[in-house]
Protein chains: 2
Amino acid sequence: MNVFLGIDWGGTYIKAGIVNSDGKIIKKINYASDKLKDKDSFIKEIESLVNKFKQFNIQGIGIGVPGMLNVEEGFIYYLPNIPGWENYPLKDILQKKLKLPVFIDNDANVFALAESRCGAGKGKTRGIFLTLGTGLGGAVILDNKILKGKTSSGELGHVPVSLSGMQCGCGGKGCIETYVGNSYLLKRYRKLKKNKTKVKDVKEIFQRGLSGEKEALTVWKEFSQSLGKFLSGMINIFNPEVIIFGGGVSGAFKLFKPYVWQTIKQQAMWTQLDGLKLVRAKLKNPGIIGAALLAKEKL
Amino acid sequence: MNVFLGIDWGGTYIKAGIVNSDGKIIKKINYASDKLKDKDSFIKEIESLVNKFKQFNIQGIGIGVPGMLNVEEGFIYYLPNIPGWENYPLKDILQKKLKLPVFIDNDANVFALAESRCGAGKGKTRGIFLTLGTGLGGAVILDNKILKGKTSSGELGHVPVSLSGMQCGCGGKGCIETYVGNSYLLKRYRKLKKNKTKVKDVKEIFQRGLSGEKEALTVWKEFSQSLGKFLSGMINIFNPEVIIFGGGVSGAFKLFKPYVWQTIKQQAMWTQLDGLKLVRAKLKNPGIIGAALLAKEKL
């Protein structure tokens, strides 16, 4: 049986799996270490992975990378959270070492590919895919293909929704990520509580919202309005059939979905809304599955 | 010789031409009348056009329409500036009357197709196309094809750049169109001049800017900052090779280009900027040429 090795690389962890042509994981490995931030250690770990899986007939390897890539040539421009990887030709180096075809894309595109083929976007040819977490990862499927340029592109988190706005990690100001990312939500909640309440993480704000706490609900309403406003622009551009919400913060989907819809109905052109669905992502390991499917579809 | 009839319909005028496969206009007609707002008069005018051109071997007809369309089925949802056309199956009605294949798309997409094939976007596979005028028309070329959904889509003018913002004609608030459209520029200029100067049109503000008038330059700087901010989002999504500026206000291109670039360099991700060019549209009759090429490429 022909299979593909899908690698979800988060900087300090690797989740890898042998995946068949239907996107089903046959065997899976998780490995976490700060050493993986180092180029040599990372390459060695991938070599050892391929060895561990040598009983399988691996046709190709796909890797989801947390950063900005040149997908045409397969190199990393930079990783926002890990220094030292600037202009690193990951694809070429691995192909030479492993004697197997290697394909790379950014994590958001890989997520979208998985959900599009095997998850909540199955059967849809136009979709918008968000991963809500520390930042806002985004990807677009058009004509059933991932939107890419010479670079990984589809950087929806870095679409400005304000002409001024807060400083973003990308260097710009007012990007939607600065209004819906974890750190902003925590800061906003603490401010609303006048710094009198300790809150561990966004999940706690979600739970407090579910139990009806006023300030927590305010955070989710504001979050939804910003997200809905941003998504209205994307809807006017792409006329998507589906918008899929993944990532940690999508745990609050039930709470924010009605507010997001409300804003979209006020903001987006009605001609663009026919048949549109907002749904939560479905897959447990989209990073592994999407990376493997990246290899499968390129081969 | 096989030719195509391209029709640029502006609501109160028709510009039509016989166009060959290379996008060259062989024969051209202009006609202006308020009657063209009426469905029956419009259809009759198209019939008479086809008759006038009956010596040509017309393979198909393309029409650029100033409104929101369902391009999959070829009907008009509505025309923002002309009432009475709601849900009108233009394609079917014309095909039955004329016994020729008819294709419709919105005016911005038709403009983009023309500039992409024969104008400033020739040879580029990814481009963003703007028509700057009363509103902001927008279109995207990806993989050398116009970005479309079930609807005409690519509605770049209706991407919000503010979480609150001014009321837009589309029903939303804070769309980029409300910051760069003619009426806003005129209003802003008058306000800066404390209503003490009469100004006829945006062209006059352009000329005053060229001669160094402070308030006029402020208008163009603000315009450029808003446009640059918006375009940075589009650049982060699409990684375009070229951004093309057409429409009446593009007369001020030389004046606003350096300021737009400045904002883009501050706002957009640098990985997306490699090789990007900002250029002015080239064609004299993009509406006719693009409409004809729409028919050519669909056939």
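## A tour of the two chains

Start by selecting α3(A), which gives the most to the lining of the second largest pocket, with 4 residues. Helices here are DSSP runs (H or I) of at least four residues and strands (E) of at least two, numbered from the N terminus. This is a predicted model, with local features needing pLDDT of at least 70 and side-chain atom pairs pLDDT 80 or more, while totals for chains, interfaces and linings use all residues. Residues are numbered from 1 along each chain as its sequence is written, chains are lettered from A in the order in which they are written, and side-chain values use heavy atoms, without hydrogens and water.

**Stop 1: the pocket.** Now show A:Asn81, A:Asp107, A:Thr134, A:Gly135 and A:Gly137, which lie nearest the centre of the second largest pocket among its 50 lining residues. About 1400 Å³ of space lies there, a volume being the space filled by probe spheres set on grid points joined across faces, edges and corners. A pocket is an open set of points on a 1 Å grid over the protein atoms alone, where a 1.4 Å probe fits, with protein on both sides within 12 Å along at least five of seven lines; lining residues have an atom within 4 Å of a point.

**Stop 2: between the chains.** Colour A and B separately: the contact (heavy atoms within 4.5 Å) takes 44 residues from chain A and 44 residues from chain B. In chain A, pick A:Leu163, A:Ile237 and A:Met269, which lose the most area to chain B, together 18% of what that side buries. Then select B:His158, in the loop between β10 (145-146) and α4 (177-180) of chain B. Its contacts include A:Gly233, A:Asn236, A:Met269 and B:Cys168. B:His158 is buried, with a relative accessible area of 8%; buried means under 20%, exposed over 50% and partly exposed in between (1.4 Å probe, protein chains only).

**Stop 3: salt bridges.** A salt bridge puts a side-chain nitrogen of Lys or Arg within 4 Å of a carboxyl oxygen of Asp or Glu.

Within chain B, zoom to B:Glu297 and B:Arg117, joined at 2.6 Å, N to O. This pair links helix α9 (residues 286-298) to helix α3 (residues 107-118), 180 residues apart. B:Glu297 is partly exposed at 39%, whereas B:Arg117 is buried at 19%.

Finish at B:Glu204 and B:Arg208, a salt bridge of 2.8 Å whose partners are both buried.

Key:
Buried area = accessible area lost by both parts, 1.4 Å probe. Lists of a residue's contacts leave out its neighbours within four places in sequence.
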